[in-house]
Amino acid sequence: MQVLSNSSISLEESSKFIEQELLGCFDHSNFIVFRGQMGAGKTTLIKKICNFLGVEESVSSPTFSLVNQYSTAKGQLVYHFDFYRIEEVEEAFDFGVEEYFDSEAICLVEWAENVEELLPNKRVEVQIELTLEEEKREYTISLHS
Amino acid sequence: MKGCILAIESSCDETSAAIMINREVKSNLIANQTIHADYGGVVPELASREHQKNILPVVDQALKKAKVSIDELEAIAYTKGPGLLGSLLVGSSFAKGIALSRNLPLIEVNHMKAHILAHFIKDENKEPELPFLCLTVSGGHTQIVKVKSQLDMEVLGETLDDAAGEAFDKAAKMMNLPYPGGPLIDELAKKGNEDRFKFKVGEMEGYNFSFSGLKTGILYFLRDEVKKDPDFIEKNKADLCASIQKSIVDALMLKLNKAVKDTGITHLALAGGVSANSKLRAAFTELEEKACTCYIPKFEYCTDNAAMIAIAAHYLIESGEIAKQASAPEPRMKI
């Protein structure tokens, strides 16, 4: 695990952060895991990333649907996963998760904790931590390979 | 048999099959423990392989319960979307299989429209007068829809992030309540003071909703309070539940009220699984005091079920909207 960056920023400043730090992650891997407790802002960050990628569909929480599919302005597929409701790895297999993971598509993953053993070795991890100020978050980006 | 429809719903966790004749439900089965028990199987809830196991027994029992043979069917309907692709595929493949082998018309149904059309299932409940506004609230969806006719609907607003039902479940999770937390919050809230705590729900433009900020608000509030008193959640559970429930319901009603005011439509309908919430039902029916007429379908037609797919198919058949064999699921299908 190699830490690529660590920064503490407010939601207003997050656009710059996404442009300068996060979009560069796709050079390393199309598979990005977002970790952080409920309410930390995982879906919100993914919404913003999708915005930058030119996704036109509405990006909403896939907690219920498990996976949402979008396409970028360049026509690349994006899978947005949420494994919050998954209790056993079997359940993820049951909906064919390996086919999604093995595709060439961009995978943005929430609640990966519940399917840890299925994650590809090479991936980017974004850890979101709360800070003392309500509107600020600490983001740590690392490369797992 | 004239007008006999077999409908299949498999958009998310539930596998359901229903038989309907002329808007009357003859059977409406949802795969659950009893069906599995009859077939000697086990029951993890989720996903497409489960749907594959469930679909045959559930269709079989729907036919038997309705006392209808497969030869008497006149149309096959299935949920085209929105939903989980793997789950939708099971229903669509099965429906297409029967339609092809029996040479029956295939009807593709939008799950969100079906939730609304559940109001037109023939039973003792009154049907809404057209046009009406429908607030659809479930674990996966939150929408305000203007219903001009059974086939002509327009989404006025929807959630931009979490669904209302999801907000209930996740708030419950933060208070360490078991899943699904929505019904538990409703129960605990009855003993609580809903004005004790204030939680802010994001203000969105038009008739749209956002519930992800509420989640973050609760998270920070609980973090700070638990720091001062580790037993804070336990001691204040009822008040917390009541206050959170009020925030969510108020946010829903605010936008519904705005839609009533702006459109002048006074016939209002509720749909989706969250319509079981007692606070929401009370707030919704209170609108009758403002000269509105309110409609809530039977609860069995509010949660995901195939009877609502059948009623939607009924209207599609009437207007001659028959699908081709090339019909395929659409996971993010719009109204």
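Across all chains, the structure holds 16 aromatic pairs, where rings of Phe, Tyr and Trp (its six-membered ring) count as a pair if their centres lie within 6.5 Å, with planes under 30 degrees apart called stacked, over 60 edge-to-face and the rest tilted. This is a predicted model, in which local features need pLDDT of at least 70 and side-chain atom pairs count only at pLDDT 80 or more, while totals for chains, interfaces and linings use all residues. Residues are numbered from 1 along each chain as its sequence is written, chains are lettered from A in the order in which they are written, and side-chain values use heavy atoms, with hydrogens and water left out.

Select A:Phe81 and A:Tyr100, an edge-to-face pair with 5.7 Å from centre to centre and 90° between the planes. Because A:Phe81 lies in strand S4 (residues 77-82) and A:Tyr100 in helix H4 (residues 97-101), both of chain A, the pair ties together parts that are 19 residues apart in sequence; helices (H or I, at least four residues) and strands (E, at least two) are DSSP runs, numbered from the N terminus. Both A:Phe81 and A:Tyr100 are buried, meaning under 20% relative accessible area with a 1.4 Å probe and protein chains only.

Next, select A:Phe83 and A:Phe101, whose ring centres are 6.1 Å apart and whose planes stand at 85°, so this pair is edge-to-face. A:Phe83 and A:Phe101 are both buried.

Notes
Buried < 20%, exposed > 50% of the residue type's maximum accessible area, 1.4 Å probe, protein only.
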